[in-house]
Amino acid sequence: MTYPMRPFELHRPADVAEAVALAGEYPGAQYLAGGTDLVVNLRRRIAEPDHVIALGAIEGLGEVTREGNALAIGARVTMAELAAHPEVMARLPMLAEAAGIVAGPTIRGMATLGGNLVLDTRCRYYNQSFFWRQANDFCLKKDGSVCPVAPRGSFCWAAFSADTPPVLLALDAVLELTGPKGGRKVPLRNFYGNDGRWSIGEADGGLLPGELILRVRIPLPQAPWHGVYEKVRVRGSIDYPLAGLAMMVRWKDETAREIAELRMALTALNPQPMMVPGTEVFSGRELDPDAVAELSRLAGRTGKPMRTTVSDPAYRRAMIATMVEKAAARLAPGLGPALLQQARWA
Amino acid sequence: MKHPLSLNLNGDMAENLVEARTSLLTFIRESAGLTGTKRGCEEGECGGCAVLLDGRLVDSCLILALEAQGKTVTTVEGLGDPHHLSPVQSAFAESGASQCGFCIPGMLLATTALLDREPDPDEASIREAISGNLCRCTGYTRIVKAIQLAAKLKHDGQN
Ligand SMILES: Cc1cc2nc3c(=O)[nH]c(=O)nc-3n(C[C@H](O)[C@H](O)[C@H](O)COP(=O)(O)OP(=O)(O)OC[C@H]3O[C@@H](n4cnc5c(N)ncnc54)[C@H](O)[C@@H]3O)c2cc1C
Ligand code: SF4
Ligand code: FES
Ligand code: FES
């Protein structure tokens, strides 16, 4: 059952300065980029702003530029553009891969990088119509006082479920922001926080009121490196991730599978996308089945799926190890058969 | 409060006063009266509401109508009429690709967008191109066949 959205005023500023001035003038206003998250949330009355500031008429936020040893990507670049951009495909194939499996093609043509970075956290009790939520007495994150996922706590476990942030965390990207109080740069690794209500908001180091993402600057890793993104979802054609993993490795010796540096980051398993800590100890080691098993355990300690999706948390937890194995097998030539053999012995 | 909106809808100017919260889908169906564009989930999942916005395939339920100010929108009614079907429409009719028909306007537009950028797609590209359009009836086999035929018809038409 669909209720109409709550009425709001729509602004279509012509440039960034005007957009930010509007955001300063109307506290609580929300930016609208591709609208693939916000419009759904408006319709469900999860988002109820009085003012919406559309970014569609602003020029200059849609470019991909090479700057020395980094790529800078505008916040309005779409997932479809990222997935097919020659420079992104050549230099950061794992980012093109993640962008290319966001939702389905109709959404990818609208969905922007800025919106993907601050996608609202998701939960099966929250991403529902007003009618549904009302019948369920709402929940702690919006309009209610109890969290049905963990009723005795006062914490929101809604999962941050965007696909590009784990890749950008692994790549150590930096956000270029501007807002009513001026501009700043924030490493993505300091941006998110760990409560599903405000993991992309001010309370946790995320966006300050009215702040706008302008660009994402990504340092190009030192060659030779390889990175992949693995995603588990219900329907391969259109769904959000139930779990996602970015893994990248720089080789000391590729044929011997000897690691110089290995990084992993997870999405859709916690209220924020997270780097998996503790992978430094793998430098100098061979990426063999034992190392993969240890990496799986490490990732499993970071990812904490809760009952926020219709899929069982136990399934999502089990998928963490599977994603680590698949990613490692794609990165290390010849590792796949060894992993299979081990699985057969086990 | 209502705001004036004018856009190019299938070659004609469509104008009206609309609220900020009105979606492009609602504008097309209820203001312009073109009901070929379907209201399915209104959540971006089904593609029933798919239209071409400046040539790009989008879900019109996720676009605020005022965001389409001055742009060009093509709906299924803009592809052809019962007496002059477009090659894509003919191919779907000839292949018996439609059962209840609810998804078909979106499928036709997804196909049109695909063949505009890739005149000779393989089956994998075809399946990828319609993966944002859900069909509850056909199982997709005939739809894929129809798209292959559409590519051929378009090709033959040009020679
Ligand atoms: C059916 C469906 C399936 C989906 N599947 C996936 C999926 O598999 N993976 C995935 O990652 N996402 C998925 N999404 C979510 C969404 O499409 C993407 O995350 C998309 O990238 C969001 O970008 P947008 O431009 O549409 O954001 P919008 O909806 O325009 O905005 C989202 C939020 O970001 C804020 N915002 C946008 N741009 C900026 C900016 N420049 N600065 C500051 N704030 C900004 C807005 O205020 C809003 O709060 C799906 C959505 C749907 C409807
Ligand atoms: S985790 Fe709890 S509080 Fe958070 S959205 Fe889900 S039900 Fe609501
Ligand atoms: S009605 Fe728009 S995608 Fe379903
Ligand atoms: S023919 Fe019925 S939904 Fe596709």
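The model is predicted, so local features require pLDDT of at least 70 and side-chain atom pairs count only at pLDDT 80 or more, whereas totals for chains, interfaces and linings use all residues. Residues are numbered from 1 along each chain as its sequence is written, while chains are lettered from A and ligands numbered from 1 in the order in which they are written.

**Chain A**

Select chain A and colour residues 59-220 as domain 1 and residues 229-345 as domain 2; such bounds come from an automatic or database domain assignment. The C-alpha centres of these two domains of chain A are 21 Å apart. Their contact draws 32 residues from domain 1 of chain A and 27 residues from domain 2 of chain A, two residues being in contact if their C-beta atoms, placed from the backbone, lie within 7 Å.

Next, select α5 (93-100) and α9 (164-170) of chain A, each of which supplies at least two residues of the side of domain 1 that touches domain 2. Helices (H or I, at least four residues) and strands (E, at least two) are DSSP runs, numbered from the N terminus. Helix α9(A) gives the most to that side of domain 1 of chain A, with five residues.

**Chain B**

Turn to chain B, where domain 1 covers 2-78 and domain 2 covers 87-158. The C-alpha centres of these domains of chain B lie 22 Å apart.

Now display helix α2 (residues 87-95) and helix α3 (residues 104-117) of chain B, which pack at an angle of about 130°, with their axes 10 Å apart. Axes are lines fitted to C-alpha atoms, for helices over the stretch in contact, and angles run from 0 to 180 degrees between N-to-C directions. The helices α2(B) and α3(B) are therefore oblique to each other; angles under 35 degrees count as roughly parallel, over 145 as roughly antiparallel, 65 to 115 as roughly perpendicular and the rest as oblique. Show the side chains of B:Val88, B:Gln89 and B:Phe92 in α2(B), which meet residues of α3(B) including B:Ile104 and B:Leu108. This contact of α2(B) with α3(B) comprises five nonpolar, three polar and no charged residues.

**Between the chains**

Display both chains: their contact takes 22 residues from chain B and 23 residues from chain A. Strand β4 (56-59) and helix α4 (123-129) of chain B each give two or more residues to the side of chain B that touches chain A. The largest share of that side of chain B, four residues, comes from β4(B).

**The ligands**

Select ligand 1, which lies between chains A and B. Of the 34 residues around ligand 1, A:Gly34, A:Ala111, A:Gly114, A:Gly115 and B:Gly44 come nearest; a residue is near a molecule if its C-beta atom, placed from the backbone, lies within 6 Å of it. The shell around ligand 1 has 20 nonpolar, nine polar and five charged residues.

Finish at ligand 2, where A:Cys123, A:Tyr125, A:Cys139, A:Cys147 and A:Cys156 come nearest of the 14 residues around it. Eleven nonpolar, two polar and one charged residues form the shell around ligand 2.

Conventions:
Nonpolar A, V, L, I, M, F, W, Y, C, P; charged D, E, K, R; others polar.
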